[in-house]
Amino acid sequence: MTVLTAGAGGGSLGVMSDPSGAETFRAPAEAYDLNIGRYGRELARALMAAAGVRPGERALDVGCGPGALTTELAALLGAGRVAAADPSVPFAEACRARVPGARVEVAPAEALPFEDGAFDHALAQLVVNFMSDAAAGVREMARVTRAGGVVSAAVWDYAEEMTLLRRFWDAAVALDPAAADRDEGGMPFCAPGPLGDLWSGAGLAGVDVSPAVVSAGYDGFADLWRGLEGGVGPAGAYATSLPPDGRARLAAELRRRLGAGDAPFRLTARAWIVTGRVP
Ligand SMILES: C[S@@+](CC[C@H](N)C(=O)[O-])C[C@H]1O[C@@H](n2cnc3c(N)ncnc32)[C@H](O)[C@@H]1O
């Protein structure tokens, strides 16, 4: 089984034309599961470890999607001590069905329907870059966390070592330079500096940013491409916006850049994890 990594120097990076891309997650949960969802449970465990989530605590999963982190939190804390929120109705419904007993709300990070200081932890996995106002979203996460509690998040290292998305956008831009505007490497919070500044700017103390490398398995390239054809997230939405011949060219270019064939392989993905305490 091959393990492919993105390495540094992933090609030219553009600025997202739609700075959020949040609407690309109004999609069936199963489509998300086949794409980025493959990495979710392992990343959730890394995020929880970095945040120091312990049995007996209460936690909120902000931007829960179909529930990868909510599931892991419920396994550790019990569903009754876990709440979750996401503005995507299909994702919130999937999370509610997958984690019975957890309180799951349809709401954005910027307006969380929870009391001040209700949680020991507020966590956001792969969400900060999709908030319409990230500073307001992180301030809300801090508001609903008790003094001394921890606010944390994980974001992909889109510009360099999130192998799938880095190779995808490199392939897309090579074939269509205009795709640079949609390259997720242009996301505002995908490097330690801007992420740490966002946390400090929200008044959080003891801010730390550290890397976590996770991986996902694929049966072969067709299995990977099926995930993108679900149309979820900025990459899936771009792939499915192409006509059939353009889509086939993109698939071939991505396959070539990944060096992937019909045999099983794994891809690594680096995330940055930020933590900070409510003063
Ligand atoms: C890449 S998915 C991550 C989902 C989930 N946390 C996971 O790790 O699988 C991004 C999520 O952010 C959600 N989202 C978009 N805008 C948001 C906002 N303003 N506040 C909170 N979540 C938002 C999307 O609906 C989507 O579920």
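**Pocket, loop and helix**

Modeller: β2 (59-62), α3 (68-77) and α9 (233-241) each give at least two residues to the lining of the largest pocket. Helices (H or I, at least four residues) and strands (E, at least two) are DSSP runs numbered from the N terminus. The model is predicted: local features need pLDDT of at least 70, side-chain atom pairs count only at pLDDT 80 or more, and totals for chains, interfaces and linings use all residues. Residues are numbered from 1 along each chain as its sequence is written, and side-chain values use heavy atoms, leaving out hydrogens and water.

Biologist: Which element supplies the largest share of that lining?

Modeller: α9 does, with 4 residues.

Biologist: What classes of residue are in the lining?

Modeller: There are 23 nonpolar, 12 polar and 5 charged residues. Gly counts as polar here.

Biologist: Now L126. Where is it found?

Modeller: L126 is in the loop between β5 (119-125) and α5 (134-143). Its phi is near 65 degrees, a positive value in a residue other than glycine. Most residues other than glycine have a negative phi.

Biologist: Is L126 buried or exposed?

Modeller: L126 counts as buried because its relative accessibility is 12%. Buried means under 20% relative accessible area, with a 1.4 Å probe and protein chains only.

How values were computed:
Buried < 20%, exposed > 50% of the residue type's maximum accessible area, 1.4 Å probe, protein only.
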